[in-house]
Amino acid sequence: MDAITGDTNAAAIRDEGPDFLFTHLDQVDAVGHAHGSASTQFLDSLRSVDREVGKIVSAVDARAAAHPGETWQIIVTTDHGHTPTDGHGGQTPEETANIVIARGSAFTAGAATADSLIDLTPTALDLLGVPADSALDGKSFARTRR
């Protein structure tokens with residue numbers, strides 16, 4: 001399914017240039033639940049999803065080159081980690097860890113944030129020019145921060 005999702009998203013970027021696109025690639029999570037993060041299946045799923053993310057990034061790069069007036073930002077994240085032998089459900093560092101990769105002119109290369117999950121919504125709102133509710137716990141990590 002993730003290959004279909006990657007292809008569909010790449011086509012939408014190429015053909016339509018949406019202002020905002022949210023997608024979900026589930027293969028790594030499903031395999032993590034079934035086999036754990038130390039399994040060969042998990043590594044294979046990471047490689048597979050990396051190819052799908054690569055398709056999407058390539059589509060963004062091609063779109064940006066063809067439409068230089070458009071500004072593209074990419075955020076890739078996980079929602080949690082996994083234990084080496086099975087899924088998650090606890091509060092161990094392996095289970096609560098996540099990864100955020102942000103690419104584009106709004107982000108500082110090599111920058112890190114300790115609270116990446118709570119910062120995703122304020123960052124997306126910031127990029128869209130929408131004021132974030134002050135009740136949100138996180139803060140934008142985009143350089144466009146208002």
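Q: By class, how many nonpolar, polar and charged residues are in the lining of the second largest pocket?
A: This is a predicted model, to start with. The lining of the second largest pocket has 10 nonpolar, 6 polar and 2 charged residues.

Q: What volume does the second largest pocket have?
A: About 300 Å³.

Q: Which residues that line the second largest pocket are the closest to its centre?
A: They are A102, T108, A111, A112 and F141. In total, 18 residues line the second largest pocket.

Q: And which strand gives the most to the lining of the second largest pocket?
A: Strand β2, residues 100-104. Its share is 5 residues.

Q: Back to F141. What does F141 form with F107?
A: An aromatic pair, and the geometry is tilted. The ring centres are 5.7 Å apart, with 40° between the planes.

Q: Why does 40° between the planes count as tilted?
A: Stacked needs planes under 30 degrees apart and edge-to-face needs over 60, so the 40° of F107 and F141 falls in the remaining class.

Q: Where in the chain are F107 and F141?
A: F107 is in the loop between β2 and α5. F141 is in the segment after α5. They are 34 residues apart, so the pair links distant parts of the chain.

Q: How many aromatic pairs does the structure hold?
A: The count is 1.

Q: Is F107 buried or exposed?
A: Buried, because its relative accessible area is 7% and the cut-off for buried is under 20%.

Q: What does F141 count as, at 22% relative accessibility?
A: Partly exposed. The 22% of F141 is not under 20%, so F141 does not count as buried.

Q: New topic: the largest pocket. What volume does it have?
A: About 1,800 Å³. It is lined by 48 residues. The closest to its centre are T23, I74, I75, V76 and T77.

Q: How many charged residues are in the lining of the largest pocket?
A: There are 9 charged residues, next to 25 nonpolar and 14 polar ones.

Q: Which domains does the lining of the largest pocket draw on?
A: Domain 1 (1-97) and domain 2 (106-145). Each gives at least three residues.

Q: Switching to salt bridges. How many does a search of the whole structure find?
A: The search finds 6.

Q: Which residue does R103 form a salt bridge with?
A: D61. The closest N and O atoms are 2.9 Å apart. R103 sits in strand β2 and D61 in helix α3, 42 residues apart, and the pair links distant parts of the chain.

Q: What relative accessible area does R103 have?
A: It is 38%, so R103 is partly exposed. D61 also counts as partly exposed, at 35% relative accessibility.

Q: Where do R47 and D44 lie?
A: Both are in helix α3. They are 3 residues apart, about one turn of the helix.

Q: What does R47 count as, at 46% relative accessibility?
A: Partly exposed. D44 is partly exposed as well, at 46% relative accessibility.

Q: And E70, which residue does its side chain meet in a salt bridge?
A: R63, at 2.8 Å, N to O. R63 counts as buried, with 10% relative accessibility. E70 is partly exposed, at 28% relative accessible area.

Q: Which residues are linked in a network of salt bridges?
A: D7, E52 and K55.

Q: Last topic, the overall picture. How many helices and strands does the chain have?
A: There are 5 helices and 2 strands. From the N terminus on, the order is α-α-α-β-α-β-α.

Q: What does the C-alpha trace span along its principal axes?
A: About 45 × 35 × 25 Å.

Q: And what percentage of the chain do buried residues make up?
A: They make up 29% of the 146 residues.

Conventions: Residues are numbered from 1 along each chain as its sequence is written. This is a predicted model: local features need pLDDT of at least 70, side-chain atom pairs count only at pLDDT 80 or more; totals for chains, interfaces and linings use all residues. Side-chain values use heavy atoms; hydrogens and water are left out. On a 1 Å grid over the protein atoms alone, a cavity is a set of points where a 1.4 Å probe fits but cannot get out, and a pocket is an open set with protein on both sides within 12 Å along at least five of seven lines; lining residues have an atom within 4 Å of a point. Grid points are joined across faces, edges and corners, and a volume is the space filled by probe spheres set on the points. Ala, Val, Leu, Ile, Met, Phe, Trp, Tyr, Cys and Pro count as nonpolar, Asp, Glu, Lys and Arg as charged, and the others, Gly among them, as polar. Domain bounds come from an automatic or database domain assignment. Helices (H or I, at least four residues) and strands (E, at least two) are DSSP runs, numbered from the N terminus. Rings of Phe, Tyr and Trp (its six-membered ring) pair if their centres lie within 6.5 Å; planes under 30 degrees apart count as stacked, over 60 as edge-to-face and the rest as tilted. Buried means under 20% relative accessible area, exposed over 50%, partly exposed in between (1.4 Å probe, protein chains only). A salt bridge is a side-chain nitrogen of Lys or Arg within 4 Å of a carboxyl oxygen of Asp or Glu.
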